[in-house]
Structures are given as C-alpha cells and as structure tokens.
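Visitor: Hello! I am new to this structure and would like to learn how to read it. Could you walk me through a few features?

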Amino acid sequence: MLIVLLSLVLVCVSSKSLPPEIQKCRKFDPKLGECLAEKVGDALHKFKQGNKELGIVPLEPLVVPKLEFGNSGGGSVAIKHEYENLKLFGISTFTSYDSEANFSDANCYWRFKSHAEVVRMEADYKMSGQLLLFPINGHGKCNTTLYECEAVYDTKCEKYAKKNQKHIRVTDFILKIKPKRIVFDYENLIDGNEQLSNEVLKTVNENSEQVYADVGPVFDEAIARIEKEIVNQVFSRVPEDELFLP
C-alpha cells in the first residue's frame with residue numbers, strides 16, 4: 001500500500017551509493033514508465049530490511065510512530081482516529097503496472113498502479129465519534145487487513161535549484177487505495193464493555209465495504225502526506241543529475 005514512490009528513489013539514487021545489482025533508468029527513455037515499474041519490485045524486495053548506509057528505514061514492517069486523522073462527512077462514519085506504534089506489513093510485496101512517467105522540466109509527473117495480495121496494519125489506537133449506529137469511545141490494540149489491494153498513484157513534481165544543482169520536488173501526491181475485502185479487528189471499541197464491543201465489531205465487519213468507503217479517502221490522504229514527505233526528504237539530498245542514467 002505505502003511507500004511505493006520511495007522505491008523510485010531506491011532505483012534512481014546515485015550508483016556510487018547503491019549495490020551494483022540495483023539498476024537505474026534513463027531519464028529520457030521513451031519507456032521510462034515501464035523501466036521504473038520493472039525496477040520497483042526488485043528495489044522494494046532488496047531494501048525491505050532497510051539500509052543504514054543509505055538512511056533507508058526497514059519496509060517490513062514499515063513503522064509509523066504516530067498517525068492522526070478524522071472524517072466528519074455525511075457518511076455513516078464520523079470518527080477521530082489516533083494510532084501509535086503503527087506497523088504496516090506487505091509493503092515490499094507490491095508490484096507496479098500501467099506506469100507512465102516524465103521528468104522533464106516542463107512536465108514532471110509519475111502515474112502508476114500497484115497491487116498487493118495482502119496488506120496488514122497493526123497499532124495501538126484511540127477512537128471517538130460515530131461508527132454506523134454506534135457511539136464509539138475506544139482504545140487498545142487494532143489490526144486491519146486489506147486483501148487484493150489496488151493502489152493508484154498520481155504525482156506531479158517541479159524542479160528547483162539548491163547549491164547550484166537542480167533538484168526534484170513532489171508538489172502533488174494523490175493516492176487512492178481500493179481493497180476487495182477488509183477485515184477489522186479492534187479491541188475495546190466500547191470502552192469497558194467487551195460484549196458490546198464484540199457486537200459492534202461484528203457489525204462493522206458485516207458492513208466493512210461501507211465503513212471503508214467512508215474512512216478510506218481520509219486514510220489515503222494521511223498516508224499520501226507521509227509518503228510525499230519521505231520522498232521529498234530524499235530528493236532534497238540527491239541532485240537530479242544523480243537520479244538517472246545519462
């Protein structure tokens with residue numbers, strides 16, 4: 001689900017820093033999108049345990065210390081979410097396809113799709129608000145599993161000068177995640193009432209598509225912000241000339 005764009009950095013970063021088996025793409029290759037899609041899975045697999053020398057955090061699991069978001073729209077879910085010690089499993093299993101890229105000065109973008117069979121999130125959570133027909137005020141351990149997960153990325157970028165060198169910066173980052181099946185496992189949804197918590201959880205899973213339709217877009221935005229920040233941090237350190245083959 002997450003950090004697929006980070007693999008662009010892993011594929012493109014200077015060959016002096018990467019192991020020789022990691023290959024870069026040519027910036028003006030007519031099939032640049034296909035090249036990036038081909039290299040993404042390989043890079044994710046090779047760096048799933050991270051790389052201290054390159055400053056790459058482990059991807060299996062990907063650890064997010066804290067994540068907060070809320071949705072207050074007109075749907076069946078209006079909840080404030082707080083997650084700590086969040087771990088995402090399955091990042092390195094994503095494969096990319098339908099990839100189209102252009103990193104010219106006038107038109108800088110990368111659009112692609114990716115797929116993973118199973119992506120799982122576990123965390124410590126706090127949640128308050130309205131979920132379907134139930135008032136929620138819960139906290140504890142949670143586990144959400146997405147099956148046959150499809151992600152669509154649409155990113156735009158710009159160029160800027162830093163220390164007399166040109167760098168790339170992602171300006172727009174749109175992510176849409178659509179799983180075919182979702183299983184929620186949240187303990188203590190109704191604080192202190194285990195029986196009612198179990199009944200609420202059962203109802204939530206019976207209506208998981210409806211729940212995810214309300215929560216998913218807000219989750220997508222939160223994850224997109226994290227990915228955009230990570231990618232731009234790396235791009236700020238690596239000049240454009242070092243990102244691609246000549």
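Guide: Gladly! This is a predicted model, and pLDDT stays under 50 over residues 1–5, for which the model has 35 contacts beyond four places in sequence. Over residues 9–18 the pLDDT is also below 50, and that stretch has 32 contacts beyond near neighbours in sequence.

Visitor: How should I read such stretches?

Guide: Where pLDDT is low, the coordinates should not be read in detail. As for the protein chain, its average pLDDT is 84, and 86% of the residues score at least 70.

Visitor: Which residues touch the most other members of the largest nonpolar core?

Guide: That core has 64 residues, and the ones touching the most other members are Leu 67, Tyr 83, Phe 103 and Tyr 186. Helix α4 (residues 208–237) gives the most to this core, with 11 residues. Take Leu 67 as an example: its contacts include Tyr 83, Leu 86, Phe 219 and Ile 223.

Visitor: And what about charged side chains?

Guide: Side chains of opposite charge can pair when their charged atoms come close. Here the count comes to 12 salt bridges. One of them joins Glu 100 and Arg 111, at 3.5 Å from N to O. Glu 100 lies in strand β3 and Arg 111 in strand β4, so this pair ties together parts 11 residues apart in sequence.

Visitor: Is Glu 100 buried or partly exposed?

Guide: Glu 100 is partly exposed, at 40% relative accessible area, and Arg 111 is partly exposed too, at 30%.

Visitor: Which strands hold Arg 169 and Glu 158?

Guide: These two side chains form a salt bridge at 2.9 Å, N to O. Arg 169 sits in strand β6 and Glu 158 in strand β5.

Key: Residues numbered from 1 in each chain as written. Predicted model: local features only at pLDDT ≥ 70, side-chain atom pairs only at ≥ 80, totals over all residues. Heavy atoms only, no water. Core = buried A, V, L, I, M, F, W, Y, C linked by side-chain atoms within 4.5 Å. Buried < 20%, exposed > 50% of the residue type's maximum accessible area, 1.4 Å probe, protein only. Helix = DSSP H or I, 4+ residues; strand = E, 2+ residues; numbered from the N terminus. Contact = heavy atoms within 4.5 Å. pLDDT = per-residue confidence, 0-100. Salt bridge = Lys/Arg side-chain N within 4 Å of Asp/Glu carboxyl O.
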